[in-house]
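Morning, everyone. Please bring up the structure, and we'll walk through a few helices together.

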Amino acid sequence: MTIATLGIDLGKNVCSLAGLDEAGAVILRRRVQRHRLFEFLGRLDTCTVAMEACCGAHHVGRFCAARGHLVRLMPAMYVRPYLKVHKNDERDAEAIAEAATRPTMSFVPVKTVEQLDLQALHRARERLVHTRTRLVNQLRAFLFERGIRIARGRWRLEKAVNEMLCGDQDRLGARMSLLVSDMAAELSQLNQKIRAFDQEMIALCRSDPDMRRLMEIPGVGPTIASALVAAIGDGSAFKKGRDLSAWLGLVPRQISTGGKPKLIGISKRGNVYLRKLFIHGARAVLHLVKDRSTPMAKWIDRLKQRTHPNVAATAMANKLARIAWAVLTKGERFNQAELIG
């Protein structure tokens, strides 16, 4: 029995396997305990091992690649059309194996340990940022119920709360003063943790040549540079810059038929976190870059005159993503003078 393609439906405790021969016929169906999966893969002859790009898939993929197997990771949404009849683990494994044999299938590169560590750093930071935002909004609501309105901006809120706690607390009352004091201390701790993550990202960017070259692009700082490298590595998984923009959801969505193209809003598919970062970076280029004589600044200024600022920001984010892909894949530094507006 020679297996050409092995589809694995990963589970927390049990993994389902489906093996296909060269003709695509199913010659193996098996359920394996998760802790015995590596033992089975170690005995397997060299073949194509396919999985959905889910939690734990990159760890299994690195193990298979080290044993000489060809690893194929695919987005789960691309596997779903190959699922037949009723959905169960065995059918899922068969669909994964069949999808991996398609010549037009898009695959996900196996991430290194360093990439996953960096990605975990970003996700932990994002969790703290969301927690801080919820805390700030709740604190504003508590103060507003006491008739205390504070101007927009987190730093203004922190300054006003510190002044109230250090000064006259009669406006809040004893119980509310204690509660606001606890929330202010929690906010200070969150700021320290987020600042520590930011410092770690800056240090990583300074030590990595790819991230240093990315940070030379206007609007791209340590957060975007490190998040992009953690997500796509050297960018070789994308054939061109537009493919990266489409993966980020920064290109128009199409509803076309009969040879009549119809473009609507951006697709918002793919990596939500990276898309948000690129749009924030684009807004910085739109409003905060002082030198408006560069080709990029002139291009965006012309765009702002004929369209909405949000549309201009999305178009700028699209351009930044394409430039970032070129910088990563070509190994060259960003040159403002060579940019065609």
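Let's start with a helix pair. From helix H5, the residues Arg132, Val136, Leu139, Arg140 and Leu143 touch Arg154, Leu157, Val161 and Met164 of helix H6. What kinds of residues are these? Six are nonpolar, three are charged, and none is polar. Keep in mind that this is a predicted model.

Now the geometry. H5 covers residues 113-145, and H6 covers residues 154-166. Their axes come within 11 Å and cross at roughly 50°. That angle makes H5 oblique to H6. The crossing is left-handed.

On to a second pair, H9 and H11. H9 is residues 222-232, and H11 is residues 272-287. Their axes lie 10 Å apart, at an angle of about 150°. Why call them roughly antiparallel? Because the cut-off for that label is over 145 degrees, H9 counts as roughly antiparallel to H11. This crossing is left-handed.

Who meets whom here? H9 brings Thr223, Ile224, Ala227, Leu228 and Ala231. H11 brings Tyr273, Leu274, Leu277, Phe278 and Gly281. Eight of these residues are nonpolar, two are polar, and none is charged.

Last stop, helix H10, residues 241-248. Which of its residues are buried? Gly241, Leu244, Ser245 and Leu248. Seen down the axis, they fall within an arc of 100°, so they line one face of H10. Here is the background: an α-helix has 3.6 residues a turn, so residues three or four places apart point the same way.

What covers that buried set? The cover includes H9, H11 and helix H13, residues 309-330.

Key:
Residues numbered from 1 in each chain as written. Predicted model: local features only at pLDDT ≥ 70, side-chain atom pairs only at ≥ 80, totals over all residues. Heavy atoms only, no water. Buried < 20%, exposed > 50% of the residue type's maximum accessible area, 1.4 Å probe, protein only. Helix = DSSP H or I, 4+ residues; strand = E, 2+ residues; numbered from the N terminus. Arc of directions from axis to C-beta. Contact = heavy atoms within 4.5 Å. Axes fitted to C-alpha atoms, helices over the stretch in contact; angles between N-to-C directions. Parallel < 35°, antiparallel > 145°, perpendicular 65-115°, else oblique. Left-handed = near helix turned anticlockwise from the far one by under 90°. Nonpolar A, V, L, I, M, F, W, Y, C, P; charged D, E, K, R; others polar.
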